[in-house]
Amino acid sequence: RRVILATGADLRTLGVPGEEALAGRGVSQCAFCDGGLYKGKDVAVVGGGDGAFQEALHLAELCANVTMILRGKKPRARPVFVRQAADLANMHFRWNTEVQEIIGNDGVDAVRLEDSGGAEETLAIAAVFPFIGLAPRTALVIAGKDDMGALTVDAELQTDQPGLYAIGAARAGYGGQIAPAI
């Protein structure tokens, strides 16, 4: 008997005050879906991977200014995306910075930021788009997991539990593409 676990993943959230209350009212995880709502406005994208840069590049075509907020001092995205973003006049970067709070009542008005030195700043924006990775849906399984919660598998995709296999976003090493999901 074998079980193949293909439970997928959820987009990670920032877990900061204001995020849940303003979800769908300025907090969005889909720039292609909601970007048009902020045409001509200032927005922020949180994250430094390929997804964050792709979404930010799309928003840069619609919005007055796009501020990318990255907690590190260099992005993890492919160099081609980073170059494209750096070449745009309406793209701005906050390196070594994290969102501490999303501020607003009926919609997003600003984000409170803190840099690695402890300096705080309030950035006025109309929307924030967090793209900080995936959270594998593996809580139901007792098996070996990596730091992100994905199931560790061998070359045949078997976990450390006999007969339990994991594919797609549930397994460690999944790169986000459909073809190599198994």
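Modeller: Before we start, a word on helix axes: they are lines fitted to C-alpha atoms, for helices over the stretch in contact, with angles running from 0 to 180 degrees between N-to-C directions. Please also keep in mind that this is a predicted model.

Colleague: Fine. At what angle do the axes of helix 2 and helix 3 cross, then?

Modeller: They cross at roughly 35°, and the two axes come within 10 Å; the crossing of helix 2 and helix 3 is left-handed.

Colleague: And which residues make the contact?

Modeller: Helix 2 contributes Asp 50, Phe 53, Gln 54 and Leu 57, while Phe 81, Val 82, Gln 84 and Ala 85 come from helix 3.

Colleague: How many residues of helix 2 are buried?

Modeller: Eight of the eleven are buried, so helix 2 is largely enclosed by the rest of the structure. Among the buried ones are Phe 53, Glu 55, Leu 57 and His 58, and what covers the buried residues includes helix 1 (31-34), helix 3 (79-86) and strand 9 (127-130).

Colleague: What lies 2.7 Å from a polar atom of the Glu 55 side chain?

Modeller: The backbone nitrogen of Ala 31 lies at that distance. Leaving aside neighbours within four places in sequence, Glu 55 is in contact with Cys 30, Ala 31, Phe 32 and Phe 131.

Conventions:
Residues numbered from 1 in each chain as written. Predicted model: local features only at pLDDT ≥ 70, side-chain atom pairs only at ≥ 80, totals over all residues. Heavy atoms only, no water. Polar contact = N/O pair within 3.5 Å; in protein donor to acceptor, adjacent residues only side chain to side chain. Contact = heavy atoms within 4.5 Å. Buried < 20%, exposed > 50% of the residue type's maximum accessible area, 1.4 Å probe, protein only. Helix = DSSP H or I, 4+ residues; strand = E, 2+ residues; numbered from the N terminus. Left-handed = near helix turned anticlockwise from the far one by under 90°.
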